[in-house]
Amino acid sequence: MTNRLPLSAFIIARNEADRISRPIRSVIDWVDEVIVIDSGSTDDTIAVAEKLGARIVHKDWQGYGPQKRCGEDQCRNDWLLNLDADEEVTEDLATEIRAKFSDNSYRDADGWRIMIRDMYAHETEPAPWAYGYNQIRLYDRRKGRFSDSSVHDTVRPVDGATIANLSGIMAHRSIRSLDFQVCKYNRYSGMQVEDMRTRGRKLPRSRLLTEFPVSFFKAYFVRKYRKYGWWGFILSMNYAHARFLRVAKAYEAELLAGKQR
């Protein structure tokens, strides 16, 4: 296909054979290249990605930030578009990005925030009330790069860089199943605690009492999970438990550290 944008898309992945096709297909026809940074998949992730036209780069897992910085280094263009393996660019967002490159208005900013909205298996598109968050995902790597944090994968703009917002959204399918979600937040909470201990951060023990109810309220009412009915109740309970588990693991680590003294 001709008229590809001077834009590199990159995706970090491991064992994403069932999901990797969505992000690749959402961009493969209009970006210059798609790169998948694989950290040792044992399923068909690599075969699926290569069949769709992506280039595969292997890098042993070192954390979210280092994996994404590796992806940045592999790209041949300075303008980059980052997607996760459980995300996809919607048609509206694709049209908006192509329009900005067509009239060069993408240069009006050094980086562009994209609204990333949750989407679940029973949905065909994110609900209007779906929880979402803005992240810089379309950017000039000369004006900002992902941090090297193993937990927090966020683009850090250089001083003086201009950041603007796109109106299109990116669909985020983060939950394969409840079993997958529980395993994910169990693993991630451990990584968060390790990161906090590395930075010398401690959580007040009082949060063992408050974390679960406060987090449930936040999910059910502030994030509007209640609008999903019983599914929203389940999501809220899991969110609250994930937040509580982080505090509990931090407390456990303090006890173990004190015992070793």
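Buried means under 20% relative accessible area, exposed means over 50%, and partly exposed lies in between, using a 1.4 Å probe and protein chains only. Everything below comes from a predicted model, in which local features need pLDDT of at least 70 and side-chain atom pairs count only at pLDDT 80 or more, while totals for chains, interfaces and linings use all residues. Residues are numbered from 1 along each chain as its sequence is written, and side-chain values use heavy atoms, leaving out hydrogens and water.

**View 1. Two asparagines with positive phi.** Asn104 sits in the loop between H4 and E6; helices (H or I, at least four residues) and strands (E, at least two) are DSSP runs numbered from the N terminus. Asn104 is not a glycine, yet its phi is positive, about 65 degrees. With 45% relative accessibility, Asn104 is partly exposed. Now turn to Asn15, in the loop between E1 and helix H1 (21–25). Asn15 also has a positive phi, near 55 degrees, and is partly exposed at 22% relative accessible area.

**View 2. The largest nonpolar core.** A nonpolar core is a set of buried Ala, Val, Leu, Ile, Met, Phe, Trp, Tyr and Cys residues joined through side-chain atoms within 4.5 Å. The largest one holds 32 residues, and Leu7, Trp30, Leu81 and Ile97 touch the most other members. At least two residues each come from strands E1 (5–13), E2 (31–38), E4 (79–84), E6 (111–118) and E10 (163–172), and from helix H4 (91–102). Strand E1 gives the most, with five residues. A second, separate core has 15 residues, among them Ile12, Ile37, Tyr64 and Met191.

**View 3. The surroundings of Leu81.** Contact here means heavy atoms within 4.5 Å. Neighbours within four places in sequence aside, the contacts of Leu81 include Leu7, Phe10, Val27, Trp30, Ile97 and Ile114. Arg137 and Leu138 are also in contact with Leu81.

**View 4. Cysteines without a disulfide.** A disulfide is a pair of cysteine sulfur atoms within 2.5 Å, and the whole structure has zero of them. The cysteine sulfur closest to that of Cys75 belongs to Cys70, but it is 9.5 Å away and therefore too far for a bond. Cys75 is buried at 5% relative accessibility, whereas Cys183 is partly exposed at 44%.

**View 5. Helix H5 from end to end.** Helix H5 (residues 178–198) has 21 residues and reaches 30 Å from its first C-alpha to its last. That is close to the expected 30 Å, where the expected span is 1.5 Å times one less than the number of residues. Buried residues of H5 include Gln181, Tyr185, Met191 and Met196. After H5 comes Gly200, with a positive phi near 75 degrees.
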